[in-house]
Amino acid sequence: MLLQPLRLLLFCLLMLFCYSSAAYAETNSSAASSQGDLQKIQDFHQSSPFNAEASSTSFSASSTAKTVFADVPADHWAKKEIEFLYGRAIIQGYNENGVLRFHPNDNVTRAQAAKMIIKALGESEKPVTRARFKDVPPSHWAAGWIERAVEKGIFQGYPDGTFQPNAPLKRSQMSKIIALAFKLSEPSNMGNQQIFRDISPSYWAYPYIVKLYYHGISNGSENRFMPESYTSRAQFSAFVARALNKDFRLPVNSSVIATGKVTADTLNVRSAGSTSASVIGQLSYGTVVNVLDINGYWAKISYNGKTGYVHKSYLKLKNVNGNPVQGRIIVIDAGHGGTDPGTMNGKTYEKNIVLSVAQKVKQKLASAGAKVIMTRESDVYKTLEERVQIAKNNYAELFVSIHVNSASSSASGTETYYDTSKNPNGYESYLLAKAIQQQIVNNAGMKDRGVKDYDFYVIRNNTVPSVLVELGFITNSSDYQKLTSDNYQNIFAQSIYNGIVQYYSQ
């Protein structure tokens, strides 16, 4: 029974090590406008930007001057993408009287899309002995592919118990499937802007469509996405190929979305967003660059007329317009929870106080446009390792852990911790801690116990600015009254929010 938790612990430690190694590789302490008009690109009638002869990437396209499919001629807009998938055995086509055809203009069906996606992910069909959907018996040619796609959360059935395998796939549905299957990250500049004139931010598929746009997978036609139109086999092939390999992706508007101040002594600039990409330059501490795009942990930047990629953990990002926290990815960690109540005073538990404050902080940050990640939103237990991993899995840019203190009844006041022993953003953590501490002391009338350098697990094992706030002492009568007051909990939350805004405004 102890093996499973041990395996989980080892896995978490391995993930932390791998991430930290990649992030630290981007620094070397010893080495010497607003959004413009969106480009109008017809994503389903545009040739691939990929140039097979000029490419120096690790993959090779199967497309040649010869044609694989009789109905996909040399000048077909999606020839390279279709033949790329054919070379990877993701698609097969139809053998019709000895002639291989693809039927590029036919609508792709839900069953065909399920098979293509699962094969593109390198997965196999799942053996099916019992029908999940009443219109997909185990004998159906796509039953195993559909079952695997549903298992992975990429597809869903309908409330009436059907899957509708032969139904054509709408472009809105396609966007969700591609975004989920390839785990496309949410762009930091996503906001609520209307990218396509026929898609409003309130449309159900808007978050998925935006991801496709900013990842260069689908740019629509004349600033329209046509979500209710059906997806052709050629279009779906192009989208899958672009998701699989960035060399097929379309250009994306390159307006400056933020500025970034380098927080490392020396930061590597790479030719692409990967630690395996070549280093084309270095930036020193304090250098300010323009940020054109953010994908996961990689920021595309321009500086002195040159373009490159840097690890965003070592950039202090500042918006060009709007609230300083708009678009920032901020993790709020409510300490303890579940079987771990934290410190207590009678039947008043730390875990409940800090969760209430954390939820109020979240509301304030989210209202300002920040992307807020909570390590817990209810009375559940999360290990310290899980809390750190949640931040890293969500490409966090800031981490704030909220706690309350206990000691003798005479001890009182607020103190905020940061770490310089291991966290490479130790100084930035100090600046954040100082801002939050000052706000709480001033607004809540708390005794100032100062900011302190200490290696608490959740702040030392993060690589972004991270602090741990001890709001007050549950064992002190005056602090206790404030900690358990809804009014003061809101003041604590407002102060933490103000401190974060102050940090980003510096």
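Reader: What follows α2, and what is its phi like?
Author: In this predicted model, where local features need pLDDT of at least 70, side-chain atom pairs count only at pLDDT 80 or more, and totals for chains, interfaces and linings use all residues, α2 is followed by alanine 89, whose phi is positive, near 60°. Residues are numbered from 1 along each chain as its sequence is written, and side-chain values use heavy atoms, with hydrogens and water left out. A helix here is a DSSP run of H or I with at least four residues, a strand is a run of E with at least two, and both are numbered from the N terminus.

Reader: How do α3 and α7 lie relative to each other?
Author: The axes of α3 (residues 110–120) and α7 (residues 233–244) come within 11 Å and cross at roughly 20°, so the two helices are roughly parallel to each other. An axis is a line fitted to C-alpha atoms, for helices over the stretch in contact, and angles run from 0 to 180 degrees between N-to-C directions. Angles under 35 degrees count as roughly parallel, over 145 as roughly antiparallel, 65 to 115 as roughly perpendicular, and the rest as oblique.

Reader: Which residues make that contact?
Author: On α3 they are Gln112, Ala113, Met116, Ile117 and Ala120, and on α7 they are Arg233, Phe236, Ser237, Val240 and Leu244. Sorted by class, the contact of α3 with α7 has seven nonpolar, two polar and one charged residues (Ala, Val, Leu, Ile, Met, Phe, Trp, Tyr, Cys and Pro count as nonpolar, Asp, Glu, Lys and Arg as charged, and the others, Gly among them, as polar).

Reader: Ok, new topic: where does alanine 205 lie, and which residues is it in contact with?
Author: Alanine 205 lies in the loop between α5 (171–181) and α6 (206–214), and it is buried, with a relative accessible area of 0%. Leaving aside neighbours within four places in sequence, alanine 205 is in contact with Ser172 and Ser175. The C-alpha atoms of alanine 205 and serine 175 are separated by 7.3 Å, although these residues are 30 residues apart along the chain.

Reader: At what angle do α5 and α6 cross?
Author: Their axes cross at roughly 65° and come within 8 Å, which makes α5 roughly perpendicular to α6.

Reader: Last one, how many helices and strands are there in the chain?
Author: The chain has 13 helices and 17 strands, and buried residues make up 53% of its 506 residues.

Key:
Contact = heavy atoms within 4.5 Å. Buried < 20%, exposed > 50% of the residue type's maximum accessible area, 1.4 Å probe, protein only.
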